[in-house]
Amino acid sequence: MTAETSQTLDRGLRVLKLLADTDHGLTVTELSNKLGVNRTVVYRLLATLEQHALVRRDLGGRARVGLGVLRLGRQVHPLVREAALPALRALAEDIGATAHLTLVDGTEALAVAVVEPTWTDYHVAYRAGFRHPLDRGAAGRAILAARQPGPADALGYTLTHGELEAGASGAAAPLIGVTGVEGSVGVVMLADSVPERVGPRVVDAAREVADALR
């Protein structure tokens, strides 16, 4: 550190870099050890970064990069959406259902890109900017399942029915291997159940989007 630099700012930026390099977040203790500072300093850094939505903490206390990082650059969010659109368009047209890219924003799931099929007589209206709790709907449940993978998540996708809209079913798969970003790709359709081929197709689309965002 030189006389012209800010130690606090430097530490805050280092926190963001450390969080950006992990898919599962870091605890206060882990950050303290990596930064070589005491836990009180880390708590203060996280509190400040949280105020600006640059960091968020999940229910388990692990700190992760917040969507405020995307808002720092006005073009970043559109670029994320643009990168995902080709895979979403192909998914929507193939399945004949509304496709979406959903990211975590605090304790909520936020739809950041939506593509509706062009050839169907009817489909579920789903708009970018739509929010819902992470524990409701396929998009949020797929993200939660990716945080604690187990036997129930062996297929790689999550199915739901009627959790966000009566009569609508959803399928979603998490984005895997995209540093600093938690999200999922999915479809929502007016049906009592999701056809068997939809789950694997959603997994393929999520993989395509993840590759585009790396």
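Tutor: Strand 3, residues 98-105, is mostly covered, with eight of its eight residues buried. Buried means under 20% relative accessible area, with a 1.4 Å probe and protein chains only. Strands here are DSSP runs of E with at least two residues, numbered from the N terminus. This is a predicted model, in which local features need pLDDT of at least 70, side-chain atom pairs count only at pLDDT 80 or more, and totals for chains, interfaces and linings use all residues. Residues are numbered from 1 along each chain as its sequence is written, and side-chain values use heavy atoms, with hydrogens and water left out.

The side chains of strand 3 can be taken by direction. Thr98, His100, Thr102 and Val104 point one way, Ala99, Leu101, Leu103 and Asp105 point the other way, and all are buried.

Next come the partners of the strand. Two strands pair if DSSP finds at least two bridges between them. Strand 3 pairs with strand 8, residues 183-190, in the antiparallel sense over six bridges. In that pairing, Thr98 stands opposite Val188 of strand 8. Strand 3 also pairs with strand 4, residues 108-115, again in the antiparallel sense, over seven bridges. Here His100 stands opposite Val114 of strand 4.

Strands 3 and 4 form a hairpin with two residues between them. Gly106, in the turn, has a positive phi of about 70 degrees.

Note on methods:
Buried < 20%, exposed > 50% of the residue type's maximum accessible area, 1.4 Å probe, protein only. Helix = DSSP H or I, 4+ residues; strand = E, 2+ residues; numbered from the N terminus.
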